[in-house]
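Please walk me through this structure, stop by stop. Tell me what to select next and what I will find there.

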Amino acid sequence: MTLKRLTTPVVDAAAYVAVRGIVCVIQILPLDMGDHLCRGLAMLLSGPLPVRGRTISDTLEKIYPTVDTEDARRLTLSMWHHLMLMVCEIAWAQRRLHRSNWTEHVSFRGNREMLSASLSPRPSVLVSGHYGNFEIGSYTLGLMGMKTLAIARNLDNVYLHRWVERFRGAKGQRLVDKNGCAPIVDKFMQEGGTLSLLADQHAGDKGLWVDFCGVPASCHKALALFSLANVAPMLAVYTRRVDGRPMQFESAMMEMVDPAKVDANGRTAPECESVESLTRWYNLQLERTIDLAPEQYWWLHRRWRTPSPRVAKRLAKKREAATQLRAAG
């Protein structure tokens, strides 16, 4: 047995103890004190200690090419404040967000449609992104009695993974590792379950490349396939912080499409005609969501990556064909 194999469990355990210690301190902080602490950390992370500074600046330059340096700096600062506050809110949720008081912290928009789709005997798919506090969104759905299945990569630290899994599963959300999850998801959907997915994960060169915020991004085809293959409504949802106040959220459904619905001519909605059309649809909904509060999106998330020369060539041909089609029309 190598030294690395011997020390890894010890290092993982030490990291777990350190994280749990920090969480314990956060849990006892008043909301306003936690907010002030997050603002201080945000100033460090966006200034003297620029974590992922190059990734953030490159991303903002792609998505907001006309934004000046000062506005980009303010957006970066606000994003870090949001991320730090998100961590605090996840820690606070276990002790301060319950069935008896969740209405004091979360307001809903489109809740009737969400509940109707999720409590129906038919399966449904909820899509969101690395925006707002999506963890609180899932937690709140559990408080309302909704059972969901989420796909996520297992953390390398087994102790932290089990702890995160306990938090996410405390109110009814079940997690499944993305590797080899297809049979589990298929069975869950056949039983009429609600699948909850983050729709802005990079899928590599083999993914489906569509424009997201005006820049090509690789998307997993499985998200659209889950909906189309199971004739399951897809709901674009979000949970965002309101007015920058800690533990105050709006959970809403942006839009919904249903592959089962047809028009008078027996045709499905244009959004559900193919995997590509449905993928474009949910990316558009996420774009609209980000516009509501740009500082609550993870701009440090490496969503937009440079495609390989082969993929870039194919995308260029596709754009040229689309341009010619528009000109001819």
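**Stop one: helix α9**

Select helix α9, residues 222–229; its buried residues are L223, A224, F226 and S227. Buried means under 20% relative accessible area, exposed over 50%, and partly exposed in between (1.4 Å probe, protein chains only). Helices (H or I, at least four residues) and strands (E, at least two) are DSSP runs, numbered from the N terminus. Look down the axis of α9: the buried residues fall within an arc of 155 degrees, so they line one face of the helix. That arc is taken from the directions from the helix axis to the C-beta atoms.

This is a predicted model: local features need pLDDT of at least 70, side-chain atom pairs count only at pLDDT 80 or more, and totals for chains, interfaces and linings use all residues. Residues are numbered from 1 along each chain as its sequence is written, and side-chain values use heavy atoms, with hydrogens and water left out.

Now show the cover over the buried residues of α9. It includes β2 (124–128), β3 (148–152), α8 (182–190), β5 (194–198), β8 (234–241) and α10 (275–292). Then click V231, which follows α9 and has a positive phi, near 50 degrees.

**Stop two: the hairpin**

Select strand β6, residues 208–212. Four of its five residues are buried, so β6 is largely enclosed by the rest of the structure. Strands pair if DSSP finds at least two bridges between them. F212 stands opposite V215 in β7. Two residues lie between the strands of this hairpin, and C213 takes a positive phi near 60 degrees.

**Stop three: Q285**

Go to helix α10 and pick Q285. Is Q285 buried or exposed? Q285 counts as buried, at 4% relative accessibility. Leaving aside neighbours within four places in sequence, Q285 is in contact (heavy atoms within 4.5 Å) with A236, M254 and E255.
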